[in-house]
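User: I would like to go through this model and ask what stands behind each label. Please set the values against the cut-offs.

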Amino acid sequence: MPAMPAIHAAPLPYEPLLPLREPAAIDLVVIHCTELPDLATAREYGERVLYDSGTGNSGHYYIDRDGSIHQYVDVLRVAHHVRGINPRSLGIELVNRGRYPHWLDSRHQAMDEPYPRAQTDALVALLRWLPARLPSLRWIAGHEELDVEQVPASDDPALRVQRKRDPGPRFPWEDVLAAVPLQRMPRHSQERRESRPGLP
């Protein structure tokens, strides 16, 4: 059995308000990048209350550039990290600037920051260990594959840009998939999701 990686527990203040779920319901990992400058800023975003339920948007795990793993939400609670399929999925956020701070500006859509080896090694260690805790876990997908909506560009509403592009072109999919027991999520499974406006 793969060893449990070092995980720093840092529950969000509203974690007890997030719905509980059965382990068997979780079959998908969604890879994100924070599109923020650092972990502290990502934490601030995660703590923001956005919904009437008293909760906000966050992933379950955050992996910093140095490879440290931080858990903000228990895996048996439903976090708001991807529209339509939160109840069946785990969200893993990699600290990376992405398009920050011009997320929807058509002139700033490049995602150039590479993912450090320490960060991707920590991700692989987490992805090897999680299936031992969650036996139904078998699929993995990028946020950009699951939220394909295009929205008006912030600099020119006549143009449209991808709402979500993470983890982006610098994410080493081939290396990660070769090292973990999960498979890319089939397209037909993605198409079954139900859109839930207002969630990330």
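**Labels and the values behind them**

Analyst: Asp147 and Arg163 form a salt bridge, with their closest N and O atoms 2.4 Å apart. The two residues are 16 apart in the chain: Asp147 is in the loop between helix 3 and strand 7, Arg163 in the loop between strand 8 (160-162) and helix 4 (173-179). Bear in mind that this is a predicted model.

User: What makes Arg83 and Asp147 a salt bridge?

Analyst: The cut-off is 4 Å between a side-chain nitrogen of Lys or Arg and a carboxyl oxygen of Asp or Glu. For Arg83 and Asp147 the closest N and O atoms are 3.2 Å apart, and the pair qualifies. This pair links distant parts of the chain, 64 residues apart. Arg83 sits in the loop between strand 4 and strand 5, and Asp147 in the loop between helix 3 (143-146) and strand 7 (150-152).

User: Why is Asp147 called buried?

Analyst: Buried means under 20% relative accessible area. Asp147 has 3%, so it is buried. Salt bridges that share partners join Arg83, Asp147, Glu149 and Arg163 into one network. Arg83 is buried as well as Asp147.

User: How many salt bridges does the structure hold?

Analyst: The structure holds 12. One of them joins the side chains of Arg43 and Glu47, at 2.8 Å from N to O. Both residues lie in helix 1, 4 residues apart, about one turn of the helix. In general, residues three or four places apart in an α-helix point the same way, because there are 3.6 residues a turn.

User: Is Arg43 buried or exposed, and what is Glu47 called?

Analyst: The limits are under 20% for buried and over 50% for exposed, with partly exposed in between. Arg43 has a relative accessible area of 18%, so it counts as buried. Glu47 has 37%, so it is partly exposed.

User: Which residues of helix 1 are buried, and what do they pack against?

Analyst: In helix 1 (residues 39-47) the buried ones are Leu39, Thr41, Ala42, Arg43 and Gly46. They pack against strand 3 (61-63) and strand 4 (69-71).

User: What makes Asp38 a cap of helix 1?

Analyst: A side-chain oxygen of Asp38 lies 3.4 Å from the backbone nitrogen of Ala40, at the N-terminal end of helix 1. The limit for a polar contact is 3.5 Å. The value of 3.4 Å is within that limit.

User: What stands out about Glu35?

Analyst: Glu35 has a positive phi, about 55°, although it is not a glycine. Glu35 is found in the loop between strand 2 (28-33) and helix 1. Its relative accessible area is 6%, so the label is buried.

User: How do you know that Glu113 makes a polar contact with Arg65?

Analyst: Their side chains are 2.6 Å apart, and the limit is 3.5 Å. Glu113 lies in the loop between strand 5 (89-94) and helix 2 (117-133). Beyond its neighbours within four places in sequence, Glu113 is in contact with Arg65, Asn96, Arg97 and Arg170.

User: Where are the cis peptide bonds at Pro101 and Pro167?

Analyst: One joins Tyr100 and Pro101, with omega about -5°. Pro101 lies in the loop between strand 5 and helix 2. Another joins Asp166 and Pro167, with omega about 10°. Pro167 is in the loop between strand 8 and helix 4.

User: What makes the sheet open, with strand 1 and strand 9 at its edges?

Analyst: Seven strands run in the order 1-4-3-5-2-6-9, with mixed pairing. Strand 1 (7-9) and strand 9 (183-184) each have a single partner strand, so one side of each is left without a neighbour in the sheet. Within the sheet, strand 2 and strand 5 pair in the parallel sense over 6 bridges. Leu28 stands opposite Ser89 in strand 5. Helix 2 packs on the sheet, and its direction makes about 155° with that of strand 3.

User: What is the predictor's confidence in the chain?

Analyst: The mean pLDDT is 94, and 94% of residues reach 70 or more. Among the elements, strand 3 has the highest mean (99) and helix 5 (residues 187-190) the lowest (56). Over residues 191-199 pLDDT stays under 50.

Conventions: Residues numbered from 1 in each chain as written. Predicted model: local features only at pLDDT ≥ 70, side-chain atom pairs only at ≥ 80, totals over all residues. Heavy atoms only, no water. Buried < 20%, exposed > 50% of the residue type's maximum accessible area, 1.4 Å probe, protein only. Contact = heavy atoms within 4.5 Å. Polar contact = N/O pair within 3.5 Å; in protein donor to acceptor, adjacent residues only side chain to side chain. pLDDT = per-residue confidence, 0-100. Pairing = 2+ DSSP bridges. Axes fitted to C-alpha atoms, helices over the stretch in contact; angles between N-to-C directions.
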